[in-house]
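Here is a friendly walk through one protein model. Have a look at the sequence and the picture, then read on.

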Amino acid sequence: MAEIIDGKQIASEIRQEIAIEVQKLREKNYYPHLTVILVGENPASQVYVRMKKKACDEVGISTETLTFPDSVEEKELMNTIDSLNKNSTVHGILVQLPLPSHIDENRIIEKISPDKDVDGFHPINMGKLTLGLEGGFVPCTPAGILELLLRTNHSPEGKHVVIVGRSNIVGKPLGFLLLRKQKGGNATVTFCHSKTPDLKSITLKADILVAAVGRAEMIKKDMVKPGCVVIDVGTNRVKDPTKTKGYRLVGDVDFSEVSKIAQAITPVPGGVGPMTIAFLLKNTLEASKKLKEKEVNIK
Ligand SMILES: NC(=O)c1ccc[n+]([C@@H]2O[C@H](COP(=O)([O-])OP(=O)(O)OC[C@H]3O[C@@H](n4cnc5c(N)ncnc54)[C@H](OP(=O)(O)O)[C@@H]3O)[C@@H](O)[C@H]2O)c1
């Protein structure tokens with residue numbers, strides 16, 4: 001049976017570390033603050049925003065959620081972001097995605113100051129990651145996955161990491177993070193996606209296999225090399241009348257079968273998800289510290 005990588009526990013340790021640092025800033029009358037922009041009534045987005053707010057409250061980061069109707073015009077969001085960029089008491093800005101189809105997500109993300117882009121999706125932050133430059137924000141889910149691997153002694157250095165999924169928020173940034181020429185990097189990375197022929201022949205070569213697809217339990221036991229470390233990013237709702245909510249969450253990996261041959265595996269829920277939130281807090285703390293330093297230098 002595989003080692004179960006306990007993301008919940010590791011995330012809780014990270015949150016405690018963050019709380020201590022936040023407290024130090026608060027004692028100097030500096031208050032880390034995250035503003036969240038939520039558009040429309042998407043129930044999943046509302047849940048995510050509530051979870052993020054609760055996590056911020058727990059570590060002492062103040063938050064404010066600005067809500068807009070589905071019908072909001074792009075210009076109004078742009079103006080709001082502009083004023084948040086200029087507001088020195090706001091250190092992190094997060095636009096909860098997805099946005100309604102009449103709004104250009106890329107334009108909105110580009111409007112956020114890269115210094116306050118705690119999701120790490122701004123092209124400047126993505127560019128820094130891709131070029132292997134220091135000082136940018138790394139998207140929360142990839143950063144959380146790397147930390148999970150490092151804190152459980154499964155360093156990706158020198159390993160063949162196969163990532164199934166090439167999204168801009170998980171697959172791609174994770175690959176670039178693991179390619180960096182520094183601690184936690186130096187992996188050999190293969191990206192797979194929906195147009196990859198014979199996926200199984202590639203996943204079978206992975207020392208570390210990351211599934212970020214969004215298809216319930218698509219990674220089966222016969223697609224995984226025995227002894228592989230398996231990171232399951234997927235969060236899929238599967239109908240289950242025995243549950244009070246009428247569904248249960250499952251990953252992209254067939255956990256019950258794959259855990260019989262893997263060396264280590266993340267569960268869903270309780271694996272990658274809590275780490276994503278922990279890294280949102282960490283990025284907000286970093287943004288606060290950097291902006292504080294800038295203020296001091298200007299004075
Ligand atoms: N736990 C967390 O904190 C967290 C954070 C983010 C996302 N997630 C979850 O992770 C999953 C992926 O999220 P995402 O935003 O990266 O999704 P996404 O943008 O929909 O990307 C999915 C990727 O999977 C690929 N794909 C789809 N079907 C495939 C198949 N049959 N074989 C191989 N590749 C296939 C797609 O290929 P193409 O590019 O060719 O379309 C795409 O690259 C979702 O379940 C999401 O809810 C969890």
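Strands (E, at least two residues) and helices (H or I, at least four residues) are DSSP runs, numbered from the N terminus.

A quick word on the model itself. It is predicted, so local features need pLDDT of at least 70 and side-chain atom pairs count only at pLDDT 80 or more, while totals for chains, interfaces and linings use all residues. Residues are numbered from 1 along each chain as its sequence is written, and side-chain values use heavy atoms, with hydrogens and water left out.

Back to the strands. Strands of a sheet pair through backbone hydrogen bonds, either parallel or antiparallel. Two strands count as paired if DSSP finds at least two bridges between them. Strand 7 pairs with strand 5 (residues 160-164) in the parallel sense, over four bridges, and Val161 stands opposite Ile208 there. Strand 7 also pairs with strand 8 (residues 229-232), again parallel and over four bridges. In strand 8, Val229 is the bridge partner of Ile208, and Val230 stands opposite Leu209.

Which way do the side chains of strand 8 point? Val229 and Ile231 go one way, Val230 and Asp232 go the other way, and all are buried. Strand 8 is joined to strand 11 by two bridges, and these strands run parallel. Ala264 in strand 11 is the bridge partner of Val229. Strand 11 (residues 264-265) also holds Ile265, which counts as buried because its relative accessibility is 0%. Ile265 and Phe121 are 144 residues apart in sequence and 27 Å apart in space, C-alpha to C-alpha.

Now put the strands together: they belong to an open sheet of six strands in the order 1-11-8-7-5-6, with parallel pairing. Strand 1 (3-4) and strand 6 (188-192) stand at the edges with a single partner strand each, so one side of each is left without a neighbour in the sheet.

Next up, the ligand. How many residues surround it? There are 20, and the closest are Arg166, Ser167, Ser194, Thr235 and Thr276; a residue counts as near if one of its heavy atoms lies within 4 Å. By class, this shell has seven nonpolar, 11 polar and two charged residues. For that sorting, Ala, Val, Leu, Ile, Met, Phe, Trp, Tyr, Cys and Pro count as nonpolar, Asp, Glu, Lys and Arg as charged, and the others, Gly among them, as polar.

| Side chain | Ligand atom | Distance |
|---|---|---|
| Ser194 | oxygen | 2.5 Å |
| Arg215 | nitrogen | 3.1 Å |
| Thr235 | oxygen | 2.8 Å |

The protein covers 70% of the 920 Å² of accessible area that the ligand has on its own. Such areas come from the Shrake-Rupley method with a 1.4 Å probe, and for residues, only the protein chains shown count as cover.

Finally, let's visit another part of the chain. Glu74 sits in helix 3 (residues 74-86) and is buried, because its relative accessible area is 15%. The side chain of Glu74 makes a polar contact with the side chain of Arg107 at 2.6 Å. A polar contact is a pair of N or O atoms within 3.5 Å; within protein, one must be able to donate a hydrogen and the other to accept it, and residues adjacent in sequence count only if both atoms are side-chain atoms.

Asp104 and Glu74 are 30 residues apart in sequence, and their C-alpha atoms are 7.5 Å apart in space. Asp104 lies in the loop between strand 4 (92-95) and helix 4 (105-111). Is Asp104 buried or partly exposed? Asp104 counts as partly exposed because its relative accessible area is 28%. The side chain of Asp104 reaches the backbone nitrogen of Asn106 at 2.9 Å.

Technical notes
Buried < 20%, exposed > 50% of the residue type's maximum accessible area, 1.4 Å probe, protein only.
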